[in-house]
Amino acid sequence: MQTDRKRRREKQVAGVHCRVSLLALSAVTKRYPGVTALDAVDFTVEAGVVHAVVGENGAGKSTLLKLVAGAERPDAGEIRWDGAPVTFASPRDALRRGITVIYQELALVPNLGADANIFLGMERAHGGVLQADAMRAAAAKALGELGLFIDPAQPVARLSVAQRQLVELARALVRDARLVALDEPTATLTAHEVAHLATQIDRLTTKGIAVVFVSHRLDEVRRLASRITVLRDGRRVWTGATIEVDEAALIRHMVGRDVAYQRHPAGRAPHSAPVLEVQGLTRSPAFYDVSFSLRPGEIVGMAGLVGAGRSEVARALAGIEPWAAGAVSLSGTPYRPRSPREAIDRGLAYLPEDRQRDGLVLRFTVRENVTLPVLRRFAARGQIRREDEIRGARAAATAVDLRPAPPDIERPTVQLSGGNQQKVVVAKWLLTDARIIVFDEPTRGVDVGAKVDLHRQIRSLADLGKAVLLISSELPELLALADRVLVMRAGRVAGELAGEALSAERVMALAVEAQ
Amino acid sequence: MIRRYGVVFALLALCLVAALFVPGFLALGNLTTILLHVSVNAILALGMTFVIVTGGIDLSVGSLVGFAGVLTAAALTSTGTLDAVGVGGATLLALLVGTGTGAAVGAANGALTAYGRIAPFVVTLATMTIARGAARLVTGGVPIGFPAEGDPAFAQKSAALDALHAIGGGRIPVPGLERGFPMPALIMLALVAAGAFVLTRTRFGRYVYAIGGNEEAARLSGVPVQGVKLGAYAISGGCAGLAAILLVGQLKSGGPDAGLLYELNAIAAAVIGGASLLGGVGTAWGALVGALLIGVLNNGLDLLGVQSFWQEIAKGAIILFAVTFDVWTKRGGGDHHA
């Protein structure tokens, strides 16, 4: 084992000099039901080099990371590790070969100390008895190398996010990792913490460790990485050295030129007074001073990167989570819902982002799901009037084009496709007769046909006079549907674009902190 | 089909085996005895099903049978009440005290779980201990009930106990049934039918399933999650109170140790009857079938003169089998879903 490691080190050092690819993905393709997440993507990483991967939400960055981590296997294409073709059987297999992936949601056991976490799964033991002192000392040493001087025995739950990240990095060091991949490592860090992390990443590369860095923040990407790969819609659109490209060019690569959807005619001039007015809505640290208004018959888009605070604002308006400061009025009267029930009663419907987790009771049939928010209407003195319920559910399911037609409302929703499930969620809120409808990523994971249907329904809801707030990470979708677009960045409204000014480049530029 | 009616088939198969090999099993008298014997457990399992379907658990029902039972017996045989309202009034009061105590403690369980956000296992473990302790405290450790010889109110108290016995131990004359149909079994059937109605036909019932199926989705749909949970625990407690009344009536006394470990039998019956401890699944009739399965097994083995120790082992095996069957069919059926 020891000599094996030494040999590896030597090879590693040699690798730094002749720039042999440590990891090479060639033409890898990964499909999920209804979507091709990666389409014949090439990606190589060299020892001692930081290689950044950038792209819009849904461009395929996470999938790429999963392939590298061994969490998923490609449907086509080849992965070479250290020059030889490999198939990672599992994350544990990739780990054993020297690949450590540090996810945004850190994989630490909160109640255990840094030492126990660092050695998790590779504990040093004598006949089953842990060598706690030895591990603690080794953990302290690894943490010290990363500039983190803490008691390794204290539960990691007490550490800051930045400190926990360093614990994960220390874990990679202890494991003799040869490639470390970081998923959005700076998303929740302060400027000072980012600087410290950057120093540590530099230090890793001097040891010959390859670093893959996935990020939205282009300034950090340009500072840290020497190579950059841009993904868009599952394809690799550009790879090159950081010095060859400026921020504007990167944004152009990320956004692309083609707009996939027909822009719906926006010819409705909403003259009427706003139905919802939001003033200075704040809840630290999720969102700050958010102000906007919605008028009947209007679709307002909300763009921004994951974590920009869009869903948080929507959830606050839907009565799911509170807000700390700010004022909202709905139809001219003050509005501050304390529960989803209150929001529904006031005429605001929220279609959550994760329909399986928040939107549907999967075990329930289409009928049972659709009538859940309005069961009161189908019940007399607590008893459900079955015929009325069936009639109402059938009408709603038909209105959203649930396929195959005529819709089978007694089918458990767990058996439906993603697109049909989303239609059930829409049908459910159609029945509430809401005046304001907030869609949170309505077409994520939905096949193209259902997407077109859903777009038409969103449009027709606006035509019926509903005010629609559309949160979407898909720029073409926003451009096609929205009358104007609010761009959020780091919890604040970074700008509002409409008419001529509304373009993919402008939205992206506002979203990624390019001044 | 198999999945939905699997337990019913198992029950029928067990009855068939018993009919073939156990002398006396098929006698009408024996069959009604089984119904009488399962009535308390079936009523507890019915209430337990409401709680389990929401994704919770209620460990307090056994102790609650003891606690509500001693209060029922005390209310029934208190000289003060008998003097004030007579035998009829005291009986009515006893019924109210029994169900009221059960429902109130159940509602407290529900409030702590739903509003206090404490794990139901912990909450009901605590109330289980408290209720048992309170039952022993109230009685001083000895059963309340039959008056001592020479008690000045002997006649009145006996009359009151007889009145409650009509409910807990009474028989309804039925032609062809020598000893009639046991009252508790009738009450059990009525309660299960009512429970089935509530679970499948009412808004409350729909909400119970919605919460167990996906609590977050239910909340976002405007379902009053906390209130519904409180209601489910109150129903479970109320069922425990009714079971206590039947037991007191049957035995003509309320003992502080009555209902010991009944919660486990109730959970077993609900689970055998198809309720999933993960929530969202379970039926009222399933609870009855589960209780019957245990009852038929015990009765058959009793008639065969098998040691009670073996009965426990057999019951455990059936629970394992039921749950394994459930997991197995779910895995088989889940593959083609997204």
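Trainee: How many helices and strands does chain B have?

Mentor: Helices (H or I, at least four residues) and strands (E, at least two) are DSSP runs numbered from the N terminus, and chain B has 13 helices and four strands. This is a predicted model, in which local features need pLDDT of at least 70, side-chain atom pairs count only at pLDDT 80 or more, and totals for chains, interfaces and linings use all residues. Residues are numbered from 1 along each chain as its sequence is written, while chains are lettered from A and ligands numbered from 1 in the order in which they are written.

Trainee: Is helix 8 of chain B, residues 203–213, buried or exposed?

Mentor: A residue is buried if 20 or more other C-beta atoms, placed from the backbone, lie within 10 Å of its own, exposed if 12 or fewer, and partly exposed in between. In helix 8 of chain B, 11 of the 11 residues are buried, so this helix is largely enclosed by the rest of the structure.

Trainee: At what angle do helix 8 and helix 10 of chain B pack?

Mentor: Axes are lines fitted to C-alpha atoms, for helices over the stretch in contact, and angles run from 0 to 180 degrees between N-to-C directions. Helix 8 and helix 10 of chain B pack at about 105°, with their axes 10 Å apart.

Trainee: Which residues of the two helices meet?

Mentor: Contact requires C-beta atoms, placed from the backbone, within 7 Å. Phe204(B), Tyr207(B), Val208(B) and Ile211(B) in helix 8 of chain B meet residues of helix 10 of chain B including Val225(B), Val228(B) and Lys229(B).

Trainee: What share of chain B is buried?

Mentor: Buried residues make up 52% of the 338 residues in chain B.
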